[in-house]
Amino acid sequence: MNRKNDFDKKSHTVHEAMIEAENRAISEREKQEECECKDGMFPTTNRRKFLTGMAAIASTGTAFLSSNAVAATQSNTDHKIQSDPTKELGRPTNADGGYGSRSQFENEARWRYPTATRESSWTMTPLDKSSGIITPSSLHFERHHAGIPNINPAKHTLTVHGMVGTAKKFTMADLKRFPSVTRMHFIECSGNGLTEWKQPTLKTVQGTHGLTSTSEWTGVPVSTILRECGIEDGAAWVLAEGNDAAVMSRSVPIDKMWDDAILVYAQNGEALRPEQGYPLRLLLPGFEGNTCIKWLRRLEVSNKPFMTREETSKYTDLVKGGKARQFTLTMDAKSVITFPSGNMLLPGQGFYEITGLAWSGRGRIKRVDVSTDGGISWQTAELQTPILRNCHTRFRFPWQWSGKPAILQSRCTDETGYTQPTIKQLIDVRGLDGHPRFGSIYHNNGIQSWAVAADGSVQNVHHY
Ligand code: CO
């Protein structure tokens with residue numbers, strides 16, 4: 001009879017644990033960034049304090065450089081730092097074994113949501129450090145329900161059956177013989193922003209918005225495979241099933257399969273990463289991430305949805321009045337300013353280029369407006385090409401900061417004319433009864449506000 005309270009206690013713990021996890025990630029990054037190489041990169045509040053403190057203590061930069069070297073040693077590949085690279089040879093070609101790695105001075109990383117087990121968990125993309133629209137494969141957010149399976153591609157098959165003319169089984173080699181397509185698309189978890197419904201909770205844009213990423217994907221259109229098998233009259237849904245320990249399964253409207261669904265085997269010019277579904281995943285452009293079934297092994301055609309666990313107990317949206325929204329598959333238009341964003345520090349008044357990302361599951365982004373006064377006035381931002389359907393779009397907006405407190409917001413409109421709402425507008429429609437701690441979980445596409453204080457520090461706030 002205390003179930004509700006127990007649930008509340010559990011979600012409370014998860015909530016607090018997530019705040020702690022973000023704090024750990026922030027302090028880890030600050031430790032690694034205590035080096036001159038990052039100067040001019042608008043460091044975090046704490047680091048600026050560190051710099052000021054160091055300047056007061058050390059009359060020369062010597063102490064500083066040695067801490068730099070220590071930080072570098074703790075980073076990925078450790079190479080000697082040359083005092084003058086024009087006076088000695090660089091390191092030999094291909095010394096890293098032939099698969100490249102980034103500079104030891106770069107340390108952006110995903111961090112994990114502190115769920116009870118590491119197998120059922122997720123990681124966030126560091127959007128605050130992103131450039132352009134592509135997410136490096138190694139920084140693409142992850143969501144796993146039962147760990148990452150290790151699958152031999154030579155043994156992997158995809159079975160297509162149910163309401164088909166001929167049931168067929170395809171090997172990876174079979175699939176790769178079909179004509180392929182390559183497209184850039186975002187994937188966003190429908191739980192992106194779940195901690196932000198009731199109050200500003202996490203500090204950084206990685207924490208508030210890091211469950212979205214964009215890759216270039218290559219594979220075979222699902223329509224090709226459906227034609228290959230033949231589809232019976234009355235077919236309306238397709239079950240997609242993964243080959244992981246959760247046997248992750250979702251029902252997908254067959255119209256989506258005919259439209260733009262892809263059986264993906266490559267990501268950003270190479271094979272899919274294991275954590276992205278190697279060797280085969282379903283990609284449903286603009287649909288919530290969990291429907292893009294990874295390690296895909298089976299498609300079953302039917303005249304009705306299959307009512308799997310992931311569309312009954314999970315991935316439904318409890319709304320006010322005790323009702324639930326089900327099969328909320330399309331991701332609504334959303335945008336966020338990635339620079340400046342939470343936990344950054346602007347070094348002083350003057351010119352800054354505000355930049356961020358906008359995306360919609362209903363097609364292309366048509367417009368992004370930016371406000372620097374908390375939504376009193378809006379101005380149109382510049383959209384950087386390419387502007388692709390169901391893909392992150394980068395926007396830019398020039399800003400002269402007066403040095404006075406400011407509230408930065410972005411608001412996007414997609415090609416259907418839909419405009420991103422405020423969080424309050426979402427709450428007015430859906431209520432806050434969907435989760436005891438968070439208020440609601442899925443489909444928070446509300447406008448994000450970042451408050452810039454007079455000292456230049458940037459904070460996550462709610463502002464309507
Ligand atoms: Co949904």
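Q: Leaving aside its neighbours within four places in sequence, which residues is Leu296 in contact with?
A: Residues are numbered from 1 along each chain as its sequence is written. Two residues are in contact if their C-beta atoms, placed from the backbone, lie within 7 Å. Beyond those neighbours, Leu296 has as its contacts Leu158, Ala240, Gly242, Leu263, Gly277, Leu280, Arg281 and Leu282.

Q: Which residues touch the most other members of the largest nonpolar core?
A: A nonpolar core is a set of buried Ala, Val, Leu, Ile, Met, Phe, Trp, Tyr and Cys residues joined through C-beta atoms within 7 Å. Here buried means that 20 or more other C-beta atoms lie within 10 Å of a residue's own (12 or fewer is exposed, in between is partly exposed). The largest core has 63 residues, and those touching the most other members are Val238, Ile262, Leu263, Leu282, Leu283 and Leu296.

Q: Which domains each give at least three residues to this core?
A: Domain bounds come from an automatic or database domain assignment. On those bounds, the core takes at least three residues from each of domain 2 (157-320) and domain 3 (334-461).

Q: Why does Leu139 count as buried?
A: Leu139 sits in the loop between β2 (121-124) and β3 (142-144). Beyond four places in sequence, its contacts are Glu108, Arg110, Thr125 and Pro126. Leu139 is buried because the C-beta atoms within 10 Å number 20.

Q: How many contacts does the model have for residues 1-6 beyond four places in sequence?
A: The protein averages a pLDDT of 89, and 88% of the residues score at least 70. Over residues 1-6, however, the pLDDT stays under 50. Where pLDDT is low, the predicted coordinates should not be read in detail. For residues 1-6, the number of such contacts is one.

Notes
This is a predicted model: local features need pLDDT of at least 70, side-chain atom pairs count only at pLDDT 80 or more; totals for chains, interfaces and linings use all residues. pLDDT is the predictor's confidence in each residue, from 0 to 100. Helices (H or I, at least four residues) and strands (E, at least two) are DSSP runs, numbered from the N terminus.
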